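Please work through the following exercises with the sequence and the model at hand. Each task is followed by a solution in steps.

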Amino acid sequence: MSSPLPTAVPVARCREEKPSVHIPIHRERGQREVFCGLTGIIWLHRRIQDAFFLVVGSRTCAHLIQSAAGVMIFAEPRFATAIIDDRDLAGIADANDELDRVVSRLLERRPDIRMLFLVGSCPSEVIKLDLSRAAERLTKQFLPQVRVLSYSGSGIETTFTEGEDACLASLVPQLQVGTAAQSSEPSNLLIVGTVADIVEDQWTRMLTTMGIRNVQFFPPRRSGDLSRITVGPNTRVLLAQPFLANTCRMLVERGATHIPAPFPLGVEGTTAWLRAAANAFAVSDPAFENATQAARARGMRSLERHREVLEGKRIFFFPDSQLEIPLARFLSRELGMHLVEVGSPFIHRQIMGEELSLMPEATRLVEGQDVDSQLARCREARPDVTVCGLGLANPLEHEGLTTKWSIELVFSPIQGYDQAGDLAELFARPLRRKHLLEPELPVREALPCN
Ligand code: SF4
């Protein structure tokens, strides 16, 4: 039996500028089954190439980081865990001394590090440590060579992708303050959220072709570039990731203007996202077409063979990465999938408003989680694909459901036109694999797994 859904709030109440949207959001407040914010280190350390992430935590944190990142280490890792054990409970002063010793040893061994993040975690002995103070103390010691910052990736305070939000929020004070120019014309476009380098290059080319010259990405590839990023009243902020509410708020508090837009997933999402930037910078329609047309056509072609597999299939999203709503919009509108349920840990109305206006009206949206009742609904619905965290995937696979790990969607380059086909492939592949294993199941196309 599926459990009854709790309270529903009409979106229109929160988004007065979009009164036509009436998709109810069902709120759940029960046990959650999501990663903690430490996981963000895995993609952040790849993006900021001279940064090091030192988790101050327990053996559990070390295991999480190692097992989540272990297969992805290509060179000397740029993350580690300083394990606080029972001995450190003896005195906080000792723990601070120990932390200073660990950091000194690390920076001595790794002269390539320019920015060091102390990342807090859950254990009570870590919570007692004031990591922001430790970061200030260590910055004084190691500047100008290394700047030390801190943020929390604790599972008590953050879920999965919120770790990136906390990390970027800790970087905002490092950005240059832009002074108000006499004109209110936008001076720079700041794209916020970690994306793959290849995606950054594609967007830079397209936006420059449109005539938007001053495009900056936050976080940048190297920490030294932070001081070249200006944020002020003439800055326009475009989010590349949906889970950056705090970072966005801090940038707006500095005078920047947030450009509301859907997220650049799929051809439609990427076009609407680029169009929002173009409108903010008064780019003409012909200039927009000229810059985007070829890539848009390529993106649409790349979706065709996946649509044949995915069209009409039913998909269920457990809440995990906050990417669920843009992904669901893409799968439903561009690939014809049927949305059984779309769960998200949080739904920020300001950030998600444009996405919500594109969702099919009958979509069952759930904010938060009560994992047992959600599992019951999923089992009853028997969707063709279930998107969930690693912890739920194996049991559901054992029950015969086809799953997709939500973490893979955060690790992979999926934004933009040239990645639209790869994104669709991530959902089509498990169905193709299942068809190869159980050929009597109806799949419209029996292409081999890539
Ligand atoms: S939930 Fe807490 S204790 Fe567990 S890995 Fe994450 S930060 Fe460490």
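**Exercise 1.** Determine how many nonpolar, polar and charged residues the shell around the ligand has.

*Solution.* Step 1: a residue is near a molecule if its C-beta atom, placed from the backbone, lies within 6 Å of it. The residues around the ligand include Cys36, Leu38, Cys61 and Ser121.
Step 2: Ala, Val, Leu, Ile, Met, Phe, Trp, Tyr, Cys and Pro count as nonpolar, Asp, Glu, Lys and Arg as charged, and the others, Gly among them, as polar.
Step 3: the shell has 5 nonpolar, 7 polar and no charged residues.

The model is predicted: local features need pLDDT of at least 70, side-chain atom pairs count only at pLDDT 80 or more, and totals for chains, interfaces and linings use all residues. Residues are numbered from 1 along each chain as its sequence is written.

**Exercise 2.** Describe how the axes of H8 and H11 cross.

*Solution.* Step 1: helices are DSSP runs (H or I, at least four residues), numbered from the N terminus. H8 covers residues 197–210 and H11 residues 285–310.
Step 2: axes are lines fitted to C-alpha atoms over the stretch in contact, with angles from 0 to 180 degrees between N-to-C directions. Here the axes come within 7 Å and cross at roughly 150°.
Step 3: angles over 145 degrees count as roughly antiparallel, and H8 and H11 are therefore roughly antiparallel to each other.
Step 4: the residues of this contact divide into 6 nonpolar, 3 polar and no charged.

**Exercise 3.** State at what angle H10 and H12 pack.

*Solution.* Step 1: H10 (residues 266–280) and H12 (residues 324–335) pack at about 120°, with axes 8 Å apart.
Step 2: angles under 35 degrees count as roughly parallel, 65 to 115 as roughly perpendicular, and the rest as oblique. H10 and H12 are therefore oblique to each other.

Terms used: Helices (H or I, at least four residues) and strands (E, at least two) are DSSP runs, numbered from the N terminus.
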